[in-house]
Structures are given as C-alpha cells and as structure tokens.
Amino acid sequence: MHANIGLTLGFFFIYSSLIGYIRSACWKDPTSIFFQTQRAHVARYSAHRIQEAIRYADSVGTTQQEETSRRNPPELCVGIPSVRRDGINATYLQSTLGSLQQGLSAVERAGLYFIVFLAHTDQEKHPDYGQPWLTNMADRLPSYSDDPERLAIARKMEANQTHGTKSKFDYSIVMEECEKTGAPYILIVEDDVVFLDGWRHRTMEALNTATTKSWEAGHPNFLYLRLFYYEGLLGWNSESWLTYLASSLAVAASVLCFLLLARRYVPMGQIYITRCTSLLIALVFTPLLIILFFAAGGNCTMPRPDGVHLMTENACCGQGFVFPRATVTNELLPLFRGNLWSEVPTDSFIEEHADATGALRWALTPVVMQHIGVRSSHSPNPKHGIWNYAFEENDVASLAAEHSMVNSQTEEIT
C-alpha cells in the first residue's frame, strides 16, 4: 500500500510537469484546451510582411517602371478577384499584391503574370481603382465590359445581391483570363492575404512534388495545391470519436496485459507489480495520460509533416489554390459555367467536385500565406479564426537568407 502511495505521488508530480510543458508548447494549437487566443493571434511575422509589401507597392506607384521581358507563356499566372468591402474604406489588395511581388528577382518576376480583377460593373466603386501602384504591378486589369455577356450577367447578379453566385462567377473569370495566358499553373488568391518572402520558389518546388506524387498514384493530374489552411479543423473531430475510443481502450488494455505478463514472467515481478499496482497504472494513470494527449490538441501532438501531402478532409479555406492549367480547362471552367447560378460558396463548390470525382487535393506545409482580412467581402461582421498560427513563427532573416540562396543558385544555372 505504501509503495502505491509513493507511486501515485510520483506519477502526479510527473503529470503536473507534463501539463506545464504542454501548456508552454501547445498554446498556439486551436484544438488544444491550452490554446491562448490573444497570444496566438499576434501577427509576429505578417505585420512585418504587410509593412514591407505596402512600402514596396508605394514605391512602385511613385517611380517609372522599366519595361522588362516576360516569359511567354509564364510559368505561373496569379489571379486576384477583388471587391469593395462594406463597412471599411480601404482594402487589403495593396498588401496582397505587394507581398506577392516584393523581393522577387528579375528572373522570378519574368516568369509570373499578374491579373487583378476589380469585380464591379462600375470599377470606380472599388477603392483601389486607378491607383498607380495597381496599374504598375498588374500585368492585366480585366473588366466586365470586356465581354457584353459577362457584363449583363454581372449586372443581374449585383441587382439580386447574390454574393455566393457572383463570387463564383468572378472566380471563373479570373481562371479563364489566366488560362488564356498559357501558363501551366494558375494561382487564384483572395484579396485579403499576405505571402511570405520566398513564396514563389517554395510553391514551384511544391508543384513539382505534387505532379510527381500524382503520377505515382496513377493520376495524370491533380485538382489543386493548397497554399493555406486553418489548423482549427485538423485536430480531433467528433465524427471520429469511435476510433478515438477504440484506440484508447486498446492502449489501456495493452498496458494492462504488459503488466500482467511482466508480473508473471519477470523475476521479482509479483513483488513489485501487484494486482493493485497493475490496475492503478492501467485504469487510472493510463487514462489520465490519454486524456492529456487529447487535451494537448491534434496539431501539437501529431503535427503535419513538412512537404506536400494529401488533404482531403477538414480543409479550410479557399484563400489560395494553385490549379494545373489542364484541370482548369477540362474540369473547372466547364463546371463553373454549367452551374452559373449555384449559391454554393466557391471553396465548397470546388470541394464537392473533388469528392464526386476523387480528384487529388494536395496541401503544402508549412503554408506560404496568411489570411489577414477581418471582414468578409459580403458581410460587415468581423471574421474570427481563419488564421494559420504556424505562419507567424516565420523568421524574417531566415526567409531572406533562404530566398537569397535560391536566387543565387538560379543565377548560377542560368
């Protein structure tokens, strides 16, 4: 009995130490009970990157831009649909576009083509219409007026205030404009995000990996490469409670069986491993450790490995997708055109197509972009939680050094 009391005291000392460690390690996991909301939402890196992006965009808007050669076709077309947000006088478009271009070498910029679509039938309603930085940074600024049929549809959608329908229509227009460039890959991003320094080389490397993995899986192509996701949906899910329960019972049963075997076959086992001790460890200590494991959060205890991996469930949201051109041409554009008046949100619309067809959905870890918008483009209510907490752990100096090294290697090759 005295031995069990000492064992219990020792266990709770270790257990308390584990809680302290997990509290310090899992505070930025939104699926953890130790999650610290205010601390996790501090924009450690993105605030710096936004300032860099705006300074760069302002400089582009006030200086004469030299004509530079562009690859034809580009290696990647970047499309950004943008609308004015009710309730605020400014947009995030400047920091979004600035972060995409700030720090790019001449070689990197030459391989990119930027399309910015101010999605209003009267584009003067958009706060950034006519801004010098926008004119100088975008390679093309399409409008509804370019196509009478588009213009008529957009006017009807604006009159009906069907945001979900119109956002998909705008998305399809940007995809179509990018498809016309001949770029093998098309990146569509929302206008309230910020990209890290060096996003371009990480994205291109990830696309090569996704293509190779798709071939190895017997698919000629994939649906998209996700550049952003929200960790809050990637922890423990209520739908899998039965799996978690079965796993927990299996662990407890395994511990109990191990102790009983040790008691029987290990010399002196019956002296030190009593029946009471076995039950105490298997039925009290082990469940408490299992509870702590789940309480720590799925992202903290079982983090996603770096690299390109499938993400077919619980993925959110549609801030940044890269599509192969063939997928856009053969699947997505016909799908969008055939469901013009569907009210399903754009990201859900794409996910439903993936579920129905079994198309491959890849995601890049760590992400290369952050969602910075606090208001939806169709609602004045602040948005909470659409945030990648790991993104803020990026280090400015490390990213700059990595980007510089990649550019140096590229110059040596060319």
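**Helix H3 and its surroundings**

Select residues 46-62: this is helix H3, with 17 residues, in a model that is predicted. From the first C-alpha to the last, H3 reaches 24 Å, close to the 24 Å expected at 1.5 Å a residue.

Next, show side chains for Ser46, Arg49, Glu52, Ala53, Ala57 and Val60, which are buried in H3. Now look down the helix axis: the buried residues of H3 fall within an arc of 130°, so they line one face of the helix.

What sits on the face of H3 turned away from its buried side? Select Arg55 and Thr62; both are exposed and carried on that face.

Helix H4 (93-101) and helix H6 (132-137) are among the elements covering the buried residues of H3. Strand S4 (193-195) and strand S9 (369-371) also belong to this cover.

**The whole protein**

Zoom out and colour by secondary structure: the protein has 16 helices and 11 strands. Its C-alpha atoms fill a box of roughly 85 × 45 × 45 Å along the principal axes. Of its 414 residues, 47% count as buried. Among contacts in the protein with a separation of 6 or more, 81% come from residues 24 or more positions apart.

Switch to a surface. The accessible area is about 20,500 Å², and carbon and sulfur atoms account for 57% of that. Finally, colour by charge: there are 32 positive and 42 negative side chains, and the centres of the two sets lie 7 Å apart.

Notes. Residues are numbered from 1 along each chain as its sequence is written. This is a predicted model: local features need pLDDT of at least 70, side-chain atom pairs count only at pLDDT 80 or more; totals for chains, interfaces and linings use all residues. Side-chain values use heavy atoms; hydrogens and water are left out. Helices (H or I, at least four residues) and strands (E, at least two) are DSSP runs, numbered from the N terminus. The expected span of a helix is 1.5 Å times one less than its number of residues. Buried means under 20% relative accessible area, exposed over 50%, partly exposed in between (1.4 Å probe, protein chains only). The arc is that of the directions from the helix axis to the C-beta atoms. Contact means heavy atoms within 4.5 Å. Accessible areas come from the Shrake-Rupley method with a 1.4 Å probe; for residues, only the protein chains shown count as cover. Lys and Arg count as positive and Asp and Glu as negative; His and the chain ends are not counted. The place of a charge is taken as NZ of Lys, CZ of Arg, CG of Asp or CD of Glu.
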